[in-house]
Protein chains: 2
Amino acid sequence: MNQYHAPIDDIVTALHTAGIDEVLQLPPFADINAGAVRDVLDGFGKLAGEVVAPTDRIGDREGARLDAASGAVSVPQELADAYQQYVDGGWVGIGAPVEHGGGGFPKVVATAIHEMFGSANLALSLNPMLTQSAVELLERWGNARQTAIVLPRLIDGSWTGTMNLTEPDSGSDLGAVRATAVPTDDGRWTVNGTKIYITWGEHDLAGNIVHLVLARTPEAPAGTKGISLFLVPRFHIADDGQLGERNGVHCRGLEHKLGINASPTCVLEFVDAVGELVGPLHGGMNAMFSMMNPARLAVGVQGVSISEAAYQQARTYATERRQGRVAGIDGSAPIIEHPDVQRMLLDIASTRDAMRLLTYVTAIAGDLAGSHPDADERARFQRRADLLTPLAKSWPTDQGVRLASLSVQVHGGMGFIEETGIAQRYRDARIAPIYEGTNGIQAIDLVGRKIAQDAGAAAAELLDEVQQTVDAASLHGDLGEVAVQLAAALATARSATDWVVEHFGHDRTAVLGGACAYLDLLAVTVAGHLLVRQALRVAAAPVLDAGSDAGTDRAVRRAQFFAVQHLLQHPSMGAVTVGTIRLRDGID
Amino acid sequence: MNQYHAPIDDIVTALHTAGIDEVLQLPPFADINAGAVRDVLDGFGKLAGEVVAPTDRIGDREGARLDAASGAVSVPQELADAYQQYVDGGWVGIGAPVEHGGGGFPKVVATAIHEMFGSANLALSLNPMLTQSAVELLERWGNARQTAIVLPRLIDGSWTGTMNLTEPDSGSDLGAVRATAVPTDDGRWTVNGTKIYITWGEHDLAGNIVHLVLARTPEAPAGTKGISLFLVPRFHIADDGQLGERNGVHCRGLEHKLGINASPTCVLEFVDAVGELVGPLHGGMNAMFSMMNPARLAVGVQGVSISEAAYQQARTYATERRQGRVAGIDGSAPIIEHPDVQRMLLDIASTRDAMRLLTYVTAIAGDLAGSHPDADERARFQRRADLLTPLAKSWPTDQGVRLASLSVQVHGGMGFIEETGIAQRYRDARIAPIYEGTNGIQAIDLVGRKIAQDAGAAAAELLDEVQQTVDAASLHGDLGEVAVQLAAALATARSATDWVVEHFGHDRTAVLGGACAYLDLLAVTVAGHLLVRQALRVAAAPVLDAGSDAGTDRAVRRAQFFAVQHLLQHPSMGAVTVGTIRLRDGID
């Protein structure tokens, strides 16, 4: 039950398709080769399968607990032990720079590790996910003291980080933040306010917790332009890194949630808490984006995590459960022999492969944007990462819900029984389209900042690569029809991009009404392109990756399946332009 | 929280579009007019909103409980009280014949009432749903004693009925049933075996429980042809209807489920229980279909119930929650003013309308098949009901999951918090695609029994009606484009039907691989056709139904929205023929 076997071969294949070889040629990774990558993946895969995964059901059942008197939050001991092994293995900082004590691996390797952690225990994986995002923020915006003292302790896992944005009246609209920060005589700030939905906002797994908090300073401009970012530690931090007294930040409640029960979702109250400014005054939103962007990608990866775990459970069940007759099999057949069960499993497998590729490609764009020796290339990959981030956050998380649901369906009646464990996937999956910016917010970000702002230039670069895949596939016998199907989605994606660019300025409402459809269209087109690229690659070099003709056949079938099941039903221009219908009039 | 207002106007509009006026002209309903129908709907709507809905969260939170020592099962007192009011109002038998003490209303009216009950408390509504299905079974197959004694007590609600099919090794494959029935000297039978997933299999809400049980008799043929149906009461029933001793059937466990927590899902153990044969020996499957068919439609209706309740909650939240700016609104705008939120709400509203129409049309086909004075018409409507039943079971339940999920999304972070109540919809919704024959089984039933067996004749009759709607819509300015979009789905549905008919005999595996896609294609085509028909009807007579131009506009927008969002993305021929890909090779 809830067994998880890290799919190292699949992950390695996806990393190569996504372009890790280009990343490993960058100067910072000169000492790392493909073998070293595989070794760390193997090492973490073992930890995820043997140590972390067995804690998943316990965490779901028992959940996080708040002691109301003391305000202390605890999780089941099994999770604390697993987390300690994770920290001891040096995994928190695997993707952080060596100079701050990190492992020095590319972000995409950290992404693959995060995927495995999420499959093994999604709720627990949120803790280092936020710490790692805090590391990215402090790498970019931390002052000397923060870089010297806080950063290494986050990287080595002795402390953890949190992200404090949301307030009761300020969710998607951060301009409405009311928490305040008032300067003190010693150059620090007094922070007051209430933050909600703070993931791992209080716990007993680490020596200190570093809260990164958006707040408004006296006489700051209204809206997002008046928000600044503050580092508020749970325990005061002396200049030598020693911990002092408890700071004025306390957990006032835990949410009772649909899923990710082991992750304490806290109401945090800041009462005259002492904080330090991070980044420029009134530059809080910009600084926080350094944390939000990696977190958005990481949440997208959760869609992969859940789908992988759900797939493994569904496939195992379908192999063991016998029901009904199938020609050529004596007695009751394993249900995996029934065509409709195969259809469901192949839908999960092919979509999961596509979303894994999408998230890895996004991470790789980030690696190349950060470390490519050529400035133009860095800029080009930054455009790519910016464009892909909303896709990589939204599409895999929406699909994760759908695929978890499909995995429940494979289980039949057993799927609805909590002890089976698959229902937890369905519950856990549901948060991912919501947090770190709802998928609707991602779609607005896409059409506004990522498409309209550069008049579709970054999208055109990406879609040109899709065209190359169409051309390559059309020369490959088994993929000729897929090439036609991909080309059709591509044509719609081009038309839709033009339409968004043309209309965003003067008819924004219409564009926003179809923004999610546009995001889905772009994502499914890119996903299909990546799956085809993977099939072409595996077919060209079967021995390198999947290691067999069966592997090639699998990759080809998945591309074919995805094409008829998803590319052919890509969102139409009608769906993208749905905002031209007076939507409000259809609602009573 | 979890407030529910019965949408009587919407239901009445849908009933008229679906064809209730034709039903009310049938001889058995001579005394019932549209006003009487509205009165009973109003009456039940009040009960559902004021008495039943307030019990929904309590039932979810506290659930059903088994006292292990006594085997007694109880539900929270609030639910017992609500159920008693339901019984006292005579609602259980509202659709049963007057001669047995029923209300004499058409099945479609009972269907609308069942929809409202399901919106108010899905878990509780399962209890009368099974009783009503048992009534249909006994009306058709009951002997004189069963008709005289059991039937009236089910109809007046003093007893309840259950459906006992599944065993640990016999779920979708009923041929594997192992429960046994051995004849006794007095013409009765001794039943032994274990049945699982028995909904409301034990409880304290009624004087007796009548279990309808599939079991195998000595020397019966193997498979489904050797199964017979038995009536096994909880308490023995004397010939005067008086209750005797406890029979040998006991609840040995309750399942811990993802949702519908207030509905006790029992493991029932039959130990030398005394039963009576119902219907012919070895004719159990056929007899049980008299219970399964109404239950399948009723489960389909649950998709409507959940979507209606979810829509009401999401719309209320979107009206009250303020976040972000919208031109023309001072301060933070209610999120219903944001285009993407409107898109989600309109998706829920239009799809819900379509599924409501589909289930009502199916119920009306049953009414006409049962009571039309002309034998040819009865046969024609029976074909129609048979064809529509798998569609009406599957499509609304799949969509119910999707729409419940979308309603969670409208709530943002609040959606993931259990206290908000919308998460319960997401959990409850997930069972409907599974029970009463998984949606995969429905698709097999569709392509095999409903399409291939009559070479697509019933489907052709239905699709000809869709063509009439296309023709009518093409003359209506606002619906001209929708007509084109519907016509495209119709063309694919015709091609797909031909393909299924041609290939079912010699390439069944290929057909079964795409059976769910074919079902979806047919369902979305019919759903679009019904929505357009409703828009045409409301536009022609706005005063009769929705009562205003706003009502017309709403119906038109919903048809337009459904067309671009769903008809345009209808499953393609590629998806229907996906079984021609070697699916198994794509799975590792």
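Among contacts in chain A between residues at least 6 apart in sequence, 75% join residues at least 24 apart, a contact being a pair of residues whose C-beta atoms, placed from the backbone, lie within 7 Å. Before going further, note that this is a predicted model, in which local features need pLDDT of at least 70, side-chain atom pairs count only at pLDDT 80 or more, and totals for chains, interfaces and linings use all residues. Residues are numbered from 1 along each chain as its sequence is written, while chains are lettered from A and ligands numbered from 1 in the order in which they are written.

Let's start with chain A as a whole. Its C-alpha trace spans about 80 × 60 × 55 Å along the principal axes. Of the 588 residues in chain A, 61% are buried. Buried here takes 20 or more other C-beta atoms within 10 Å of a residue's own, exposed takes 12 or fewer, and partly exposed is in between, with C-beta atoms placed from the backbone. As for secondary structure, chain A has 19 helices and 11 strands, where helices (H or I, at least four residues) and strands (E, at least two) are DSSP runs, numbered from the N terminus.

Now look at a helix pair in chain A. Helix H1 (residues 8–18) and helix H3 (residues 34–52) of chain A pack at an angle of about 145°, and their axes are 10 Å apart. Those axes are lines fitted to C-alpha atoms, for helices over the stretch in contact, and angles run from 0 to 180 degrees between N-to-C directions. On the H1(A) side the contact is made by Ile8(A), Ile11(A) and Val12(A), and on the H3(A) side by Arg38(A), Leu41(A), Asp42(A) and Gly45(A). Sorted by class, that contact has four nonpolar, one polar and two charged residues, counting Ala, Val, Leu, Ile, Met, Phe, Trp, Tyr, Cys and Pro as nonpolar, Asp, Glu, Lys and Arg as charged, and the others, Gly among them, as polar.

Asn164(A) lies in strand E3 (residues 159–164) of chain A, and it is buried because 29 other C-beta atoms lie within 10 Å. Neighbours within four places in sequence aside, Asn164(A) is in contact with Lys195(A), Ile198(A), His211(A), Leu212(A), Val213(A), Leu214(A) and Leu268(A). Ile260(A) sits in the loop between strand E10 (249–254) and strand E11 (265–278) of chain A. Though not a glycine, Ile260(A) has a positive phi of about 35°, and its 29 C-beta neighbours inside 10 Å make it buried.

Chain B has a positive phi to show as well: that of Tyr197(B), a residue other than glycine, is near 60°. Tyr197(B) is in strand E5 (residues 189–199) of chain B and counts as buried, with 26 C-beta neighbours inside 10 Å. Then there is the loop between strand E8 (235–237) and strand E9 (243–246) of chain B, which holds Ala238(B). Ala238(B) is exposed, with 10 other C-beta atoms within 10 Å. Gly241(B) lies in the loop between E8 and E9 of chain B, but counts as partly exposed, with 15 C-beta neighbours inside 10 Å. Gly241(B) and Gln146(B) are 95 residues apart in sequence, yet 9.9 Å apart in space, C-alpha to C-alpha.

That leaves the way the two chains meet. Their contact takes 72 residues from chain A and 72 residues from chain B. On the side of chain A that touches chain B, the elements that give two or more residues include helix H10 (339–371), helix H11 (375–410) and helix H17 (515–540) of chain A. By class, this side of chain A has 30 nonpolar, 25 polar and 17 charged residues.

Technical notes. Contact = placed C-beta atoms within 7 Å.
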